[in-house]
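Subject: Structure handover

Hello,

Here is the structure I promised to pass on. Please open it next to this message.

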Amino acid sequence: MKFAVVVFPGSNCDHDAYHAVKHVLGQEAEFVWHKDASLAGADAVILPGGFAHGDYLRTGAIARFSPIMREVRRFADAGGPVLGICNGFQVLLEAGLLPGAMLRNRSVKFQCEYVFLRVEQTDTPFTAGCRRGQILKVPIAHGEGNYYAEPDVIERLERNRQVIFRYTTATGAVTADANPNGSVRNIAGLCSDRRNVVGLMPHPERACELSLGSSDGLVVLESVVTFLSQGAVAAAR
Amino acid sequence: MRARVFVTLKPSVFDPQGTTVAEALHTLGYATVKDVRQGKYFELEIDAGTQDEARRVATEAADKLLANPVIESYRIEITGA
């Protein structure tokens, strides 16, 4: 299958995503420039990490208006799997493809470290190959990953099981200390109400090889390959 | 015509930067400063015939781009004739 990796001016994890897809996963990958009008016939789309448009104004605020985002929206509306990683997640929030917004980290510092994520739901294209409750060790690298949404939105997300990754301890406990940025309810990743659009602040694509410290992130990319080849959602319940 | 757009975090939204600035002010001895909220300020030069027209354009700009309605609100002042 083929992944499109969208490149904005200022993206800097585009090659990490490309490498993970093409050289670790052995799938097809193609860069798509933000001014392109087509996703090159891709089966899945990755909005990579970085600092699209220099993070000017707000993270993702300008990228949202890039021409390719019209296609990304069309693709998402048609049910296609879209993964936003870090800055890509911020772009999805600004574009309204996922609810909520990002604030500065509680620490007001750029947090660059390994964190533990608990997989909360497995009926999305990017967690279909996970076990519910599985703990993934993956890195974060962001200054604005403090997820916020109004309380009624948070309640809706919980009710619809749209919170799919949470920051936890190594043993899966949701604690304040395990929360690296102050996100509401330790939320690290979400899916859309139709579950095909997924955003997360941590970087699974940087944790796909043991030689890089962890291969726990590979399952996220593997999941979508399995998901699309089976054409079915693994039952979470 | 000039539009001044003041974008601020909604009162319900925690402001880590404002809190840090407040702590710095306390360190400097400004104990009377109880709270700081940090925002953004924009000046838009708008080619418009009337203040209403300028306000309409500035409001659209704020809604579409300058402010994120999830976390921010804004206030607009128009000057010039």
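Below are my notes, chain by chain. Please keep in mind that this is a predicted model.

**Sheet in chain A**

I began with strand S6 of chain A, residues 111-119. S6(A) pairs with S7(A) in the antiparallel sense, over eight bridges. Phe116(A) has Lys137(A) as its partner in S7(A). Cys112(A) has Ala141(A) as its partner there. S6(A) also pairs with strand S9, residues 163-168 of chain A. That pairing is antiparallel too, with four bridges. Within it, Val119(A) sits opposite Phe165(A) of S9(A).

Helix H1 of chain A spans residues 14-24. Which of its residues are buried? They are Asp14(A), Asp16(A), Ala17(A), Ala20(A) and Val21(A). These buried residues pack against four strands of chain A: S1 (2-7), S2 (28-33), S3 (44-47) and S4 (82-85). They also pack against helix H5 (218-230) of chain A. After H1(A) comes Gly26(A), with a positive phi near 75 degrees.

The largest nonpolar core has 78 residues. The members that touch the most others are Val5(A), Val6(A), Val45(A), Ile46(A), Ile85(A), Leu92(A) and Leu117(A). H5(A) gives the most to this core, with seven residues. A second, separate core has seven residues, among them Ala3(B), Ala54(B), Ala58(B) and Ala67(B).

Leu117(A) deserves a look of its own. Leaving out residues up to four places away in sequence, Leu117(A) touches Ile135(A), Leu136(A) and Val138(A), among others.

**Chain B**

Chain B has two helices and three strands. Along the sequence they follow the pattern β-α-β-α-β. The radius of gyration of chain B is 16 Å, well over the 12 Å that the globule rule gives for 81 residues, so the chain is more spread out than a compact globule. Its C-alpha trace spans about 50 × 25 × 15 Å along the principal axes. Of the 81 residues in chain B, 12% are buried. Take the contacts in chain B between residues at least 6 apart in sequence: 63% of them join residues at least 24 apart.

I also checked Val57(B), which lies in helix H2 of chain B, residues 51-66. Is Val57(B) exposed, partly exposed or buried? Val57(B) counts as partly exposed, because it has 17 C-beta neighbours inside 10 Å. Beyond its neighbours within four places in sequence, Val57(B) is in contact with Ile46(B) and Ala48(B). Asp47(B) is ten residues away along the chain, and the C-alpha atoms of Val57(B) and Asp47(B) are separated by 9.7 Å.

**Where the chains meet**

How many residues of chain A are in contact with chain B? Twelve are, and they meet nine residues of chain B. The side of chain A that touches chain B divides into six nonpolar, two polar and four charged residues.

Best wishes

Notes
Residues are numbered from 1 along each chain as its sequence is written. Chains are lettered from A and ligands numbered from 1 in the order in which they are written. This is a predicted model: local features need pLDDT of at least 70, side-chain atom pairs count only at pLDDT 80 or more; totals for chains, interfaces and linings use all residues. Two strands pair if DSSP finds at least two bridges between them. A residue is buried if 20 or more other C-beta atoms lie within 10 Å of its own, exposed if 12 or fewer, and partly exposed in between; C-beta atoms are placed from the backbone. Two residues are in contact if their C-beta atoms, placed from the backbone, lie within 7 Å. Ala, Val, Leu, Ile, Met, Phe, Trp, Tyr, Cys and Pro count as nonpolar, Asp, Glu, Lys and Arg as charged, and the others, Gly among them, as polar. The radius of gyration is taken over C-alpha atoms; the globule rule is 2.2 Å times the number of residues to the power 0.38. A nonpolar core is a set of buried Ala, Val, Leu, Ile, Met, Phe, Trp, Tyr and Cys residues joined through C-beta atoms within 7 Å.
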